[in-house]
Amino acid sequence: MTPITIKDGEKVTKPGIYFIPIQRYHHDADLFDGPSISNTGLRKVELCPEKLWDSSPLNPNSEPEPESNEYRFGRMAHVLCVEKRWPSDIVISPYDDFRTKEAREWKAAQEADGFTVFKEKDVEDIKGMAARLEQEPLMDLALAGGIVEASLIWKDEATGIWIKSRPDMIPNDNILADYKTTTSGDKDEIERSIWKYGYHGQMALMAEGMAKVLGHEMESFSFVFQEKKRPYPVTVAAVTDESIHWGARQNRFALDRLARCLEANDWPSYSEGPVTVGLPPYALKRLRDHDEILPKVPTLAEMAKRAPELTPA
């Protein structure tokens, strides 16, 4: 399937592979003839619909979330390391920090002109990451031979909501991979990141797009994690089929929830009533393991029985 280039003012009206400017992809409420959602939006509506609506282009009173330093770094690393090009909207700061009035004014002027400001040290790190990635022998299997900067677009049959997925690379084969920057490529830390950021749901959404748009059944799922500091280690992490399965089910839950919110124009918070909270399971396990060491204490009922009777003044 040949990718379709969307021009200014044009709408997406049918499923396919599209070249869409990143700002329109994320922020243009008129890109489709109905509501749309990406992986980021699904993660928000799954956790807290109110937060999704607060930053949604469909909300006339929305306030878009500012781009975090972590996201900016990851975006530039993706362009340089995966797309292998220098980002056109990047400008390197002549200042080491922005504590002076002169530096802040310069930075504000650059951002007003649509540029993303990076410190020289960050650029050096990203260049180092790109050089290290070139040495990774598994990269030929993970992120090679496909279409970059393209989006998979399709309409959910059950809800009529347009779904957007923007893989790092739309592969020519049945291997689906995605590049992530991280502070640690250790296996345990990677698993925590996958759960914390919902990467398994993102991968499941990409796989669904490949199946529904292109008719390709993905058989292998991997993340390429790279640390952001020297020596920029790389971990190619294969994701289990079970994780992808649970990600798909979470996506289905979020889509159905979004449809209900849109229909009722009701955007609940984290929960729709009081919740019961306690210590996390790992903390309770640790305390129970120390049951014989920690002193016993009377119950509140026992304390109440021992309380002296109050004498009227």
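I take a residue as buried when its relative accessible area is under 20%. By that cut-off Phe-225, at 1% relative accessibility, counts as buried. The model I am looking at is a predicted one.

**Entry 1, aromatic rings**

I stayed with Phe-225 and looked up its ring partner. The ring centres of Phe-223 and Phe-225 lie 5.8 Å apart with the planes at 55°, so I log this pair as tilted. Phe-223 is buried as well, at 0% relative accessibility. Both residues belong to one aromatic cluster, together with Tyr-197 and Tyr-199.

I then searched the whole structure for aromatic pairs and got seven. One of them is Trp-53 with Trp-267, where the ring centres are 4.7 Å apart and the planes are at 10°, so the pair is stacked. It links distant parts of the chain: Trp-53 is in helix α3, Trp-267 is in the loop between α10 and α11, and 214 residues separate them. I checked the cover on Trp-267 and found a relative accessible area of 12%, which puts the residue in the buried class.

I looked for charged ends placed over rings. Lys-107 has its charged end over the ring of Phe-98, 5.5 Å from the ring centre. Arg-166 has its charged end over the ring of Tyr-25, and here the distance to the centre is 5.2 Å.

Side chains of opposite charge can pair when their charged atoms come close. My search of the whole structure returned 22 salt bridges. I noted several of them individually.

Asp-125 and Lys-121 form a salt bridge at 2.7 Å, N to O. The two residues are four apart in helix α6 (residues 120–134), which means about one helical turn lies between them. Is Asp-125 buried or exposed? I read 2% relative accessibility for Asp-125, so it counts as buried. Lys-121 is partly exposed, at 45%.

Glu-136 and Arg-132 also meet in a salt bridge, at 3.5 Å, N to O. Glu-136 has a relative accessible area of 12% and is buried.

For Arg-252 and Asp-256 I read a salt bridge at 2.9 Å, N to O. These residues are four apart in helix α10 (residues 241–264), again a separation of about one helical turn. Arg-252 is partly exposed at 29% relative accessibility, and Asp-256 is partly exposed at 28%. I also found one network, in which salt bridges with shared partners join Glu-67, Arg-75 and Asp-89.

Which residues of helix α2 (residues 39–47) are buried? I list Asn-39, Gly-41, Leu-42, Arg-43 and Val-45. I next looked up what the buried residues of α2 pack against. The helices among these partners are α3 (49–55), α8 (187–197), α9 (199–214) and α10. The strands are β3 (36–37) and β8 (162–165).

I looked for a nonpolar patch on the surface and found one formed by Leu-279, Leu-287 and Leu-294. Together these residues have about 270 Å² of accessible area. Leu-279 is placed in the loop between α10 and α11 (281–289). Its relative accessible area is 49%, so Leu-279 goes down as partly exposed.

Methods. Residues numbered from 1 in each chain as written. Predicted model: local features only at pLDDT ≥ 70, side-chain atom pairs only at ≥ 80, totals over all residues. Heavy atoms only, no water. Salt bridge = Lys/Arg side-chain N within 4 Å of Asp/Glu carboxyl O. Buried < 20%, exposed > 50% of the residue type's maximum accessible area, 1.4 Å probe, protein only. Patch = residues over 30% accessible without salt bridge, like charges linked within 9 Å, V, L, I, M, F, W, Y side chains within 5 Å. Areas by Shrake-Rupley, 256 points an atom, 1.4 Å probe, with all protein chains shown as cover. Contact = heavy atoms within 4.5 Å. Phe/Tyr/Trp six-rings, centres within 6.5 Å; stacked < 30°, edge-to-face > 60°. Lys NZ or Arg CZ within 6 Å of the ring centre and 35° of its normal.
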